[in-house]
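Me: Hi! Could you walk me through this one? I'd like to start with the ligand.

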Amino acid sequence: RGRAHVALTGGETPRRAYELLAEAVEDWSGAGLWFGDERAVPPADPASNYRMVEETLLARAAIPAGQVHRVRGELGAEAAAALYAAELRRGLPLAAERVPVLDLVLLGVGEDGHVASLFPHHPALETRGRACVAVLDAPKPPPERVTLTLDVLQAAREVVVLATGEGKRAAVTAALGGPDPGTPASLVGDGRVEFVVDRMAAPTGAPTADAGV
Ligand code: 6PG
């Protein structure tokens with residue numbers, strides 16, 4: 001369709017992938033970059049997901065600034081969520097119930113099975129009719145964040161979850177075990193989720209291709 005709207009994940013896992021992406025793609029004219037979640041901090045803060053993406057991808061790829069949709073965490077979670085929800089609805093095609101449709105959502109997964117800033121058994125998992133919400137009590141610091149809702153994660157055309165290291169094996173295994181609000185990673189994508197994992201994060205007994213990376 002000549003365009004690709006992608007929501008990037010924060011955390012540490014995707015850093016190398018973003019560096020490789022910067023080298024792999026030359027023409028960014030059709031790309032729209034969004035964020036699956038963001039911490040309620042300024043963009044220069046070491047905890048900012050935007051800062052990590054800037055260091056690994058934006059600093060190395062010629063992506064026009066107007067195509068990067070930063071969550072304005074410096075305004076605080078509630079205000080940032082309100083602005084980001086409006087931007088998502090303005091910038092993306094809308095499915096039923098005005099749910100914005102992303103082409104690809106890239107997610108990491110926490111050891112507790114959280115994705116974006118949707119944590120196990122958190123009320124934000126129940127949010128309907130909104131594109132993103134503020135989370136004020138995240139168990140993973142910092143506590144105040146903005147996150148896409150399950151509505152948006154489930155409406156995306158593709159969802160890819162990246163996980164590395166033995167600490168993620170239980171979460172990946174649980175995510176593949178059927179929908180469970182105790183493992184938010186099991187609730188995304190309505191079954192169309194691709195898990196890209198290293199050998200240590202792969203469920204015991206899973207077939208592993210030697211990616212040679
Ligand atoms: C965040 C991330 C979060 C992350 C997981 C895994 O803002 O913290 O979006 O969902 O993807 O916590 O983090 P690591 O990749 O650092 O293990």
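This is a predicted model: local features need pLDDT of at least 70, side-chain atom pairs count only at pLDDT 80 or more; totals for chains, interfaces and linings use all residues.

Me: Nice. What is an oxygen atom of the ligand 2.6 Å from?

Reply: That would be an N or O atom in the side chain of K168. With D37, an N or O atom of the side chain is 2.7 Å from an oxygen atom of the ligand. For A116, a polar backbone atom is 2.7 Å from a ligand oxygen.

Me: How much of the ligand's accessible area does the protein cover?

Reply: On its own, the ligand has 420 Å² of accessible area, and the protein covers 91% of that.

Me: Which pocket does the ligand sit in?

Reply: The ligand sits in the second largest pocket.

Me: Switching to the fold now. How many helices and strands does the chain have?

Reply: There are five helices and eight strands in the chain. Reading from the N terminus, the order of elements is β-α-β-β-α-α-β-β-β-α-β-α-β.

Me: What about the radius of gyration of the chain?

Reply: The chain has 16 Å. A compact globule with 213 residues would have a radius of gyration near 17 Å, so the value agrees with that.

Me: Last one: what does the C-alpha trace span along its principal axes?

Reply: About 45 × 40 × 35 Å.

Key: Residues are numbered from 1 along each chain as its sequence is written. Side-chain values use heavy atoms; hydrogens and water are left out. A polar contact is a pair of N or O atoms within 3.5 Å; within protein, one must be able to donate a hydrogen and the other to accept it, and residues adjacent in sequence count only if both atoms are side-chain atoms. Accessible areas come from the Shrake-Rupley method with a 1.4 Å probe; for residues, only the protein chains shown count as cover. On a 1 Å grid over the protein atoms alone, a cavity is a set of points where a 1.4 Å probe fits but cannot get out, and a pocket is an open set with protein on both sides within 12 Å along at least five of seven lines; lining residues have an atom within 4 Å of a point. A molecule sits in a cavity or pocket if more than half of its atoms lie within 2 Å of its grid points. Helices (H or I, at least four residues) and strands (E, at least two) are DSSP runs, numbered from the N terminus. The radius of gyration is taken over C-alpha atoms; the globule rule is 2.2 Å times the number of residues to the power 0.38.
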